[in-house]
Amino acid sequence: MQIRLDKFLADVGIGTRSEVKTIIKRKVVTVNGVSDVKPETKVNPDTDEVAIDGRAVILRGKVTYLLHKPAGYVCAVKDNLFPTVMELVPQGKDLFPVGRLDKDTEGLLLITNDGMMAHRMLSPRSHVDKTYLAVLDRPAEDANVSLFAEGVDIGDETPTLPARLVICDADAPELAYLPEEYRTKLCPGQVVLLTIHEGRYHQVKRMFHAVGREVVYLKRLSFGTVKLPLSLKRGEWQNI
Ligand code: URA
């Protein structure tokens with residue numbers, strides 16, 4: 001099915017019909033790489049590649065992107081101060097990040113227009129596992145493992161749910177996810193994996209703070225059954 005380019009862009013939520021006409025006049029819209037397009041140019045949303053400023057525009061049913069979030073981006077649809085994760089994936093109607101990672105946290109982030117899926121992943125009752133790789137300012141110790149398994153008081157009304165802390169050995173495969181600068185100069189015990197089943201504000205940082213440690217680097221490696229592919233570089237995304 002072919003539709004007019006201005007209708008396509010309006011349907012996707014880029015702007016009103018008159019706003020998208022102005023955008024098209026600025027020559028920033030391409031169809032299959034061609035920039036000589038008009039509002040009335042016909043496009044097939046299933047087969048043509050439409051882009052604005054080089055970023056693809058998608059009109060399909062449900063989409064979910066697995067983004068390797070880099071530090072420096074906020075998990076919001078819009079922000080007045082900082083770049084948002086939405087700038088890193090194709091543009092499309094009703095897309096939003098599934099939950100939040102802090103601005104300085106990296107790793108697996110889902111961006112979707114599938115509200116039901118997001119609800120299932122985020123609902124406190126679902127207890128979906130989230131595994132984080134963290135570098136601490138000083139080594140974790142075995143006592144932290146047992147305390148985290150019981151639940152930690154992080155200043156909320158209730159302690160955290162039991163969480164699984166693993167102190168990484170020097171040959172742990174997860175170390176491959178660390179940026180180069182961290183790989184060499186770490187003491188034994190400074191790199192840990194923490195799996196939590198809830199999603200409280202700054203939860204990982206607050207759990208380590210509660211046991212006298214600060215998180216100096218944080219990366220989410222998995223969210224439910226979805227894992228961050230080692231081959232996906234920071235800022236890259238793939239469909240799931
Ligand atoms: N816990 C944190 O402290 N920060 C994150 O970004 C995610 C979990």
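Visitor: Let me start at the ligand: which residue has a polar backbone atom 3.2 Å from an oxygen atom of the ligand?

Guide: That residue is H202, through its backbone. Please keep in mind that this is a predicted model. As for cover, the ligand taken alone exposes 240 Å², and the protein buries 95% of that.

Visitor: Which residues surround the ligand?

Guide: The surrounding residues are L101, D102, T105, Y132, H202, Q203, V204, K205 and L218.

Visitor: Now to helices. Which residues of helix 3 are buried?

Guide: For this you want a cut-off: a residue is called buried when its relative accessible area is under 20%. In helix 3, residues 115–122, the buried ones are M117, A118 and M121. They sit on the same side of the helix because they cover an arc of only 100° around the axis. The face turned away from that side carries the exposed residues M116, H119 and R120.

Visitor: What covers the buried residues of helix 3?

Guide: The cover includes strand 6, strand 8 (96–97), strand 9 (106–112) and strand 13 (215–223).

Visitor: Let me try helix 2. Why do its buried residues line one face?

Guide: Helix 2 spans residues 17–25, and its buried residues are V20, I23 and I24. Seen down the axis, they fall within an arc of 100°, so they line one face of the helix. S18 and K25, on the other side, are exposed. Among the elements covering the buried residues are helix 1 (5–12), strand 2 (29–31) and strand 4 (50–52). Just after helix 2, look at K27 too, which takes a positive phi of about 65°.

Visitor: Is T64 buried or exposed?

Guide: T64 is buried, as its relative accessible area is 10%. This threonine lies in strand 6, residues 64–69, and its side chain makes a polar contact of 2.9 Å with the side chain of T112. Beyond its close sequence neighbours, T64 touches L110, I111, T112, M117, Q238, N239 and I240. M117 is also one of the buried residues of helix 3.

Visitor: Which side chain is joined to that of T131 by a polar contact?

Guide: The partner is T195, at 2.8 Å. T131 belongs to strand 10, residues 130–136, and counts as buried at 15% relative accessibility. Leaving out residues within four places in sequence, T131 is in contact with L193, L194, T195, K219, R220, L221 and S222. Sequence and space can also be set side by side: T131 and R100 are 31 residues apart in sequence and 14 Å apart C-alpha to C-alpha.

Visitor: I always check the cysteines. How many disulfides are found in the whole structure?

Guide: A disulfide is a covalent bond between the sulfur atoms of two cysteines. A search of the whole structure finds 0 of them.

Terms used
Residues numbered from 1 in each chain as written. Predicted model: local features only at pLDDT ≥ 70, side-chain atom pairs only at ≥ 80, totals over all residues. Heavy atoms only, no water. Helix = DSSP H or I, 4+ residues; strand = E, 2+ residues; numbered from the N terminus. Buried < 20%, exposed > 50% of the residue type's maximum accessible area, 1.4 Å probe, protein only. Polar contact = N/O pair within 3.5 Å; in protein donor to acceptor, adjacent residues only side chain to side chain. Contact = heavy atoms within 4.5 Å. Arc of directions from axis to C-beta. Near = heavy atom within 4 Å. Areas by Shrake-Rupley, 256 points an atom, 1.4 Å probe, with all protein chains shown as cover. Disulfide = S-S within 2.5 Å.
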